[in-house]
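Please look over the sequence and model below before reading the comments. They are written for a colleague who has not seen this structure before.

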Amino acid sequence: MERPNGSYSDVLLKQRYRPAEVIGHGGMAKVYRARDEQLGRDVALKLFGAIPAGAEATPVFSSELRMLASLNHHGIVTLLDAGIDDSLPDEPHPYLIMELVTGPNLEEAIRAGELTPRRIAEIGYDLSEALEYVHARGIVHRDLKPSNVLLVDYGATEVRSRARLTDFGIAFDAAAALGPEETNTTGTAAYLSPEQVLRDLVGPASDVYALGLVLLECFTRHIEYPGDPSASAVSRLKTDPVVPVDLNSGWRSLLSAMTQRDPAQRPPMRDVLLALRQIIIDDAGRHRSRPVPVPIEETARMNAVRRYTPYARPGSEVFERVANLARRVADTPVAIVSMIEHDEIVFLAHPGTDIASLDRADGLCSSVVSHDEPWVIENCLLDPRSSEHELVTGDFAMRFYAGVPIRSPEGYNVGVISVVDFAPRTLTDEQLDSLVDLAVLVTDELELQVTTHQLRSELRLSTEDVPTPAVRYPHAV
């Protein structure tokens, strides 16, 4: 791999790429900054070790080439070109040309200690999004670690840097995990999953575990399983990672779930993505993990509820239509229109479930009413607002919940429109706005019923107060 004097400055690969300084290296390749003379831009040149003249490229090179060529995602470093450097005919070197990412890698950022919890969540979101993409295409990375995460700096203060995943040299098609050739321990010892250590079948759950260790390291700034490769690999079979107690409950739940020893107990990457998205939203203040309750005088709220009680009848055609509209708008199997009584949640309509009521203490609707804001819980198992709730842990197995308060004209929350799914998912801003509009329609319907009843009563009273005119008969002639 070494040229005379260790320099490539006099080489123009394929009459196009001119190498400059080394910017990274591993056990099988070096990465150079290089100049694409044809397009006038800087690129990254990954140069592999020499192969015998006339021989085919190494399996690692061929594997990475196939993997990168099949991927097209903003969270993955893009492959631009590939070939064989034969400027020394007796020592041909396979190479890859990739986009040059400007910015540090995650290992350097951790060492610099510049990562806030919000930034860590954003990095995790970028990586989980990229990994979900590769997992959906049957690919497992198998070597996720901080040095393989590049932080792209776009040079604009209003745009945050983005995490990009690189080095697919030992990635493989998950379908091949059934073959005996994939039972070898492959990867970096400090970030191996337990199944990799045990040489069991490896799948996407291994990437979930490694990402959990990487995110944990972002907080602690130390490798969870240090030491020589053998000791590091075996230690995770005996002890679970230590998640700092000072992290909020959302982070603790997520990191603990991602680093379960049993791969079947880890969340799929899609769930990790949704949980990190929720953490970012909570940090931004749009939906707080544990909102401070709005001071609501319960007696006044219940007076507003009782004003509607005679007209809020379960099974009403109007409420059934609203609930079905909510179900279609949110694309969920269950929707509920409910009134929150003092001790009970009464379901006025509940397409998709046979449950007709709940104790107020047993429903998430009561929390929505108490905190005076819509709740969107994209993964009930990982969100601290719901992770220990009976509807989540019990037979109902709720995994997604969104609730919008139904508010009286005086501003009291009398009920909730809820949508429920049994798999984690997202809700768009447009869908949430539509649920808010439907909640307003419920209030309008209740007010219409109250007003209609009042008008009828007033009309009846006014009719009763008018004296009956005397009947006059004409005089007989």
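1. Basis. The model is predicted, with local features requiring pLDDT of at least 70 and side-chain atom pairs pLDDT 80 or more, while totals for chains, interfaces and linings use all residues. Numbering starts from 1 along each chain as its sequence is written, and side-chain values rest on heavy atoms, without hydrogens and water.

2. Second largest pocket. Its volume is about 260 Å³. A pocket here is an open set of points on a 1 Å grid over the protein atoms alone, where a 1.4 Å probe fits, with protein on both sides within 12 Å along at least five of seven lines; lining residues have an atom within 4 Å of a point. The volume is the space filled by probe spheres set on the points, which are joined across faces, edges and corners.

3. Lining. The second largest pocket is lined by 21 residues, and N248, G250, W251, I279 and D282 lie nearest its centre. Two or more lining residues come from each of α3 (117-136), α7 (249-258) and α8 (269-284); α8 gives the most, with 6 residues. Helices (H or I, at least four residues) and strands (E, at least two) are DSSP runs, numbered from the N terminus.

4. R142. This residue has a positive phi of about 75° although it is not a glycine. R142 sits in the loop between β6 (139-140) and β7 (149-152) and is buried (under 20% relative accessible area), at 10%.

5. D331. Here phi is also positive, about 60°, and D331 is not a glycine. D331 belongs to the loop between α10 (317-330) and β10 (334-340). At 60% relative accessibility, D331 is exposed, a term that applies over 50%.

Key
Buried < 20%, exposed > 50% of the residue type's maximum accessible area, 1.4 Å probe, protein only.
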